[in-house]
Structure formats: C-alpha cells, structure tokens
Amino acid sequence: MQKDTLQAELGYPAVYPPQYPPAAFQGAPGNTGYTAPQTAYTGPQAGYQRPQLTYPGPQSAYPEPQAGYPVPPGGYAGAGSGSFPVQIQPGGPTGTPWIPAPPPPVHCPPGLEYLTQIDQILVHQQIELLEVLTGFETNNKYEIKNSLGQRIYFAVEDTDCCTRNCCGPLRPFTLRILDNLGQEVMTLERPLRCGSCCFPCCLQEIEIQAPPGVPVGYVTQTWHPCLPKFTLQNEKREDVLKVGGPCVVCSCCSDVDFQIKSLDEESIVGKISKHWSGLVREAFTDADNFGIQFPLNLDVKMKAVMLGACFLIDFMFFERTGKQEEKSGVW
C-alpha cells in the first residue's frame with residue numbers, strides 16, 4: 001500500500017516502478033517533483049520548419065549579379081576550360097609564350113605598358129628560307145622578348161619588293177610592331193638617306209611612333225669619320241642620350257656592343273649588343289640577334305626609342321649577308 005501510494009504521488013503508473021528511489025533524485029532548485037516521460041509522440045514543436053524532402057532540380061538560369069558587381073566585357077564567355085579565346089601570335093610560332101599584359105600606367109602610350117616592367121629586351125630576327133636559298137630579299141620579321149623568353153611584341157617590315165632588292169640595306173622602310181592581339185602599337189619610319197660617312201649631310205634617321213601617327217622620339221646619326229655615333233631624341237627633338245659603337249663593326253666570334261651614354265658621355269646608361277649567332281647563321285643569313293639593356297625606371301618612351309635604334313643599327317651594319325657582299329665586291 002505504501003509503495004502504491006508513493007508511485008501515485010510521483011506520477012508513475014501503477015505497473016511502472018521508478019528506476020531510482022525518491023531520496024536519490026535531486027533536481028533543479030524549486031523542482032517539486034519528477035515529470036513522467038511522454039508515452040506517445042505529440043508532433044513537432046511550435047515554430048519548427050519541416051525539412052524539404054524532395055530535390056527541386058537544377059536551376060534554370062544563372063541568378064542575376066548582385067548590385068554593384070562589375071559587368072563582364074562583351075567578349076567574355078564564362079568560366080571553364082575552353083571558354084577563353086586563344087590568342088594567336090601574328091606571324092610567329094604558336095608555341096612561344098606571350099607575356100601577360102600589365103595594367104597601363106599613367107602617361108604611358110597604349111601598348112607600351114610591357115616596357116615599364118622590364119630592363120632588358122631580346123630581339124631575334126627570323127630566318128627566311130626563300131631568302132637563304134635564292135638571295136631574294138624579303139621583308140624582315142623579328143620576335144621581341146623579355147629576358148625570360150616571353151614574347152612582348154612581333155615586328156614586321158612593310159616594304160615593297162623593288163625597294164628591298166634595289167636599295168638593299170639603305171632602303172627606306174616602315175616597321176610595324178604588333179602586340180599579342182595583333183594590334184599595331186608602334187610604327188618605325190626610316191626615310192631614304194645617304195650611306196656614305198664622307199658627307200655630313202642626309203645622315204641616317206628613324207622616327208618612332210607610339211601609337212602609330214604620334215611621334216615619341218627619333219634616332220639620328222651623328223657624323224664621325226671613324227666611329228658609328230647616334231643621338232636619341234624625344235618627341236620635341238631634344239637630345240636625351242648618346243649611342244656610340246666600335247671603330248670596326250665586326251661580329252666575328254664575339255658580340256658587338258653599342259654603348260648608350262648620357263649627353264656628356266661620362267656615364268653609361270645601357271647598351272645595344274649584337275650577339276654572335278654562330279658561323280653558319282652569320283655567313284649565310286642576315287638573321288641577327290640583339291640585346292638591349294636599360295634602367296628599369298627609364299622613361300618608357302625612351303625605351304621605345306632604344307628599340308628603334310636597335311633596328312636602325314641592324315639595317316646599317318648587319319643586314320648584308322655573305323652572298324650580298326660577294327656580289328657587291330666587298331667580300
């Protein structure tokens with residue numbers, strides 16, 4: 001009787017004895033009794049959201065971008081492999097990597113932002129098979145790279161057939177320099193001038209334009225009876241730097257250096273080097289390799305002018321091949 005009465009007071013059914021004696025139960029302060037467990041499920045609590053049991057399927061369309069998100073360019077095709085257009089290198093082998101375009105700095109002509117991040121340029125002239133076999137002068141083509149071998153620009157000569165084969169290395173030419181998208185970023189214009197060192201008039205000159213039609217500098221030959229000398233000028237034809245070469249311009253088994261100096265010729269700023277390319281290549285082709293070194297913080301326009309000086313030096317002193325010199329009686 002006492003056991004049944006105690007079970008009734010604690011809320012237990014008569015047939016379900018408690019697991020612990022009442023004296024051992026210690027609840028929270030103020031708890032007067034033990035609440036019996038629920039004998040049946042009464043449903044979810046108030047405010048509980050039932051989880052979704054079925055898959056809604058893929059989204060029909062990509063959601064709209066958030067407010068303030070920049071709109072992608074018109075040529076953007078989305079992410080994923082194969083979605084970006086392949087950049088074809090104009091006129092050169094497709095296996096040569098191109099240097100990525102950096103953001104354009106302030107007061108930099110469009111297309112010259114590549115030159116702001118480098119202090120050395122390599123210029124490699126391509127070998128023309130038709131010219132090697134027949135001696136028929138073709139338009140010169142050059143690859144312009146950085147010290148890591150990444151292509152920066154591609155230069156193509158634009159001269160008619162009669163001018164190339166009649167005037168030879170003295171020919172006037174237009175050299176177009178293209179970027180990795182095939183856009184012309186620089187134009188080099190060389191007029192027809194005298195090639196004799198005995199007359200200090202009508203000396204060699206080349207104009208550098210960036211972008212095409214906008215002059216950024218000039219390279220003019222300075223008369224000297226023995227030494228090859230040049231002056232680098234800005235767009236206002238003001239003298240900025242001097243270039244001087246050796247008395248005998250010969251690249252037999254060694255490099256030929258043209259030093260770039262200050263106006264007073266007291267300090268050396270950089271140099272333009274004609275690299276030795278090997279006996280076979282030097283004897284039977286006019287495909288030359290050059291290196292240009294300059295300070296990293298040099299004005300980007302003057303870097304472009306140095307590039308123009310490299311091409312002028314190539315045409316004046318290294319364009320002749322062994323076959324051409326033999327025909328002219330020099331070899």
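Visitor: Which ring does the charged end of Lys274 sit over?
Guide: Happy to start there, with the reminder that this is a predicted model. The charged end of Lys274 is 5.4 Å from the centre of the ring in question, and a charge counts as over a ring only within 6 Å of that centre. The ring belongs to Phe318.

Visitor: Is Phe318 buried or exposed?
Guide: The cut-off for buried is under 20% relative accessible area. Phe318 has 7% relative accessibility, so this residue counts as buried.

Visitor: What kind of pair do the rings of Phe290 and Phe318 make?
Guide: The structure holds six aromatic pairs. In this one the ring centres are 5.8 Å apart and the planes meet at 70 degrees. Planes over 60 degrees apart fall in one class, so the pair of Phe290 and Phe318 is edge-to-face.

Visitor: How many residues apart are Phe290 and Phe318?
Guide: Their pair links distant parts of the chain. Phe290 is in strand β12, while Phe318 is in the loop between α5 and α6. The separation is 28 residues.

Visitor: Which residue of β6 is the bridge partner of Leu188?
Guide: Strand β5 (residues 184–190) runs antiparallel to β6, joined by three bridges. On β6, Ile206 and Ile208 point one way, and Glu205, Glu207 and Gln209 the other, with all of them buried. The partner of Leu188 is Ile208.

Visitor: Which residue in the turn of the hairpin of β6 and β7 has a positive phi?
Guide: β6 and β7 pair in the antiparallel sense over five bridges, with Ile206 opposite Val219. Five residues lie between the two strands, and the phi in the turn is about 95 degrees. The residue is Gly213.

Visitor: Where does pLDDT stay under 50?
Guide: The chain averages a pLDDT of 76, and 62% of the residues score at least 70. Where pLDDT is low, the predicted coordinates should not be read in detail. One such stretch is residues 76–93, and another is residues 322–331.

Conventions: Residues numbered from 1 in each chain as written. Predicted model: local features only at pLDDT ≥ 70, side-chain atom pairs only at ≥ 80, totals over all residues. Heavy atoms only, no water. Buried < 20%, exposed > 50% of the residue type's maximum accessible area, 1.4 Å probe, protein only. Helix = DSSP H or I, 4+ residues; strand = E, 2+ residues; numbered from the N terminus. Pairing = 2+ DSSP bridges. pLDDT = per-residue confidence, 0-100. Contact = heavy atoms within 4.5 Å. Phe/Tyr/Trp six-rings, centres within 6.5 Å; stacked < 30°, edge-to-face > 60°. Lys NZ or Arg CZ within 6 Å of the ring centre and 35° of its normal.
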